[in-house]
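Here is a short briefing on one protein chain. Look at the sequence and the structure first, then read the points below.

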Amino acid sequence: MPVEVLPLDPAFRTALEGITTATLTTVLLKKGLRNVWVRGGMPLRPGEMRKVGRAFTLRFVPAREDLATPESWSSPISTRAAIEAMPEGVIAVVDSMGAKDAGIFGDILCARMAKRKVTALVTDGVVRDLAGVLSTGLPVWCSGAAAPPSVAGLTFVGWQEGIGCGGVAIFPNDVIVADADGAVVIPQALLEAVTTASVEQERMEGWIMGEVEKGVPLPGLYPMNAETRARYDATRA
């Protein structure tokens, strides 16, 4: 059975909307997680604003001729059915196996996702009907565009289960943050700790940037030595 989508605390969403994916990868690295950045998932539209949401996962496998057919689009297990199961505010994360020659979604499916107020689409693959997809307003992170439909190279097999997207393990209800540097996953169990640490990391780096602008040399500043840490802590107090 597909996993139920948990609500995302608005406080976490607001905090993460102000944190870069670069900061998140640093914080996650400090917690021992190195593989959190989705390879191939870059913003389709330049200047796309940062997006945050629970992961709603979808999975493709290689095409098999008896399954990957236009008739499969009407199956109970289809991308259409998966989209109708997406609640408002999620980020659809699609394991496309990095395929570059089969567009997983086109303008009609993206328009429906936008209508359902899905926050964004993230995939390691590509979309089709590029101009139409852009016109829907749905924020998309992907590897580009290709004309052939998904069934030309992929078979859709299900949603709301563990997937591998861009070489990263992603599970339903993990949290996705996507911005100009790509998409990063925060494991559900680490959400509070990572968010808290990331807010502090952003505050600290903002202070360091101010010191750099004053002409302070990097040694002892970044990373901080004990003296610099004491000065920073004093500003917080």
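Among contacts in the chain with a separation of 6 or more, 77% are between residues 24 or more positions apart. This is a predicted model. The chain holds seven helices and ten strands. It has 237 residues, and 45% of them count as buried. Its C-alpha trace spans about 70 × 35 × 30 Å along the principal axes.

**Strand β2 and its partners**

- Strand β2 covers residues 51-62, and strand β9 covers residues 175-179. These two strands pair in the antiparallel sense, over four bridges.
- Which residue of β9 is the bridge partner of Gly-53? The partner is Ile-176.
- β2 also runs parallel to strand β3 (residues 91-95), and five bridges join them. Here Phe-56 has Ala-92 of β3 as its bridge partner.
- With strand β6 (residues 154-159), β2 pairs in the antiparallel sense over five bridges. In this pairing, Phe-60 stands opposite Phe-156 of β6.

**Strands β3 and β4**

- β3 pairs with β4 too, in the parallel sense and over four bridges. Val-93 stands opposite Val-122 in β4.
- In a regular strand, side chains alternate between the two faces of the sheet.
- β4 gives an example: Ala-120 and Val-122 point one way, while Leu-121 and Thr-123 point the other way.
- Are these four residues of β4 buried or exposed? All are buried.

**Helix α4**

- Helix α4 spans residues 107-115, and its buried residues are Leu-109, Cys-110 and Met-113.
- Why do these buried residues line one face of α4? Seen down the helix axis, they fall within an arc of 95 degrees, so they share one face.
- What covers the buried residues of α4? The cover includes helices α3 (79-84) and α5 (130-136), along with strands β3 and β4 (120-123).
- Just after α4 comes Lys-117, which takes a positive phi of about 65 degrees.

**Helix α2**

- Helix α2 runs over residues 21-30. Its buried residues are Thr-21, Thr-23, Leu-24, Val-27 and Leu-28.
- Which elements do the buried residues of α2 pack against? They pack against helices α1 (10-16) and α6 (191-213), and against strands β9 and β10 (182-186).
- Gly-32 follows α2, and its phi is positive, near 95 degrees.

**The cavity**

- Rolling a probe the size of a water molecule over the atoms shows where empty space is left.
- How many cavities of 30 Å³ or more does a search of the whole structure find? The search finds one.
- The largest cavity has a volume of about 30 Å³.
- Its lining is made up of Leu-44, Arg-45, Glu-48, Val-133, Leu-134, Leu-138 and Val-140.
- By type, the lining of the largest cavity has five nonpolar residues, no polar ones and two charged ones.

Note on methods. Residues are numbered from 1 along each chain as its sequence is written. This is a predicted model: local features need pLDDT of at least 70, side-chain atom pairs count only at pLDDT 80 or more; totals for chains, interfaces and linings use all residues. Side-chain values use heavy atoms; hydrogens and water are left out. On a 1 Å grid over the protein atoms alone, a cavity is a set of points where a 1.4 Å probe fits but cannot get out, and a pocket is an open set with protein on both sides within 12 Å along at least five of seven lines; lining residues have an atom within 4 Å of a point. Grid points are joined across faces, edges and corners, and a volume is the space filled by probe spheres set on the points. Ala, Val, Leu, Ile, Met, Phe, Trp, Tyr, Cys and Pro count as nonpolar, Asp, Glu, Lys and Arg as charged, and the others, Gly among them, as polar. Two strands pair if DSSP finds at least two bridges between them. Buried means under 20% relative accessible area, exposed over 50%, partly exposed in between (1.4 Å probe, protein chains only). The arc is that of the directions from the helix axis to the C-beta atoms. Contact means heavy atoms within 4.5 Å.
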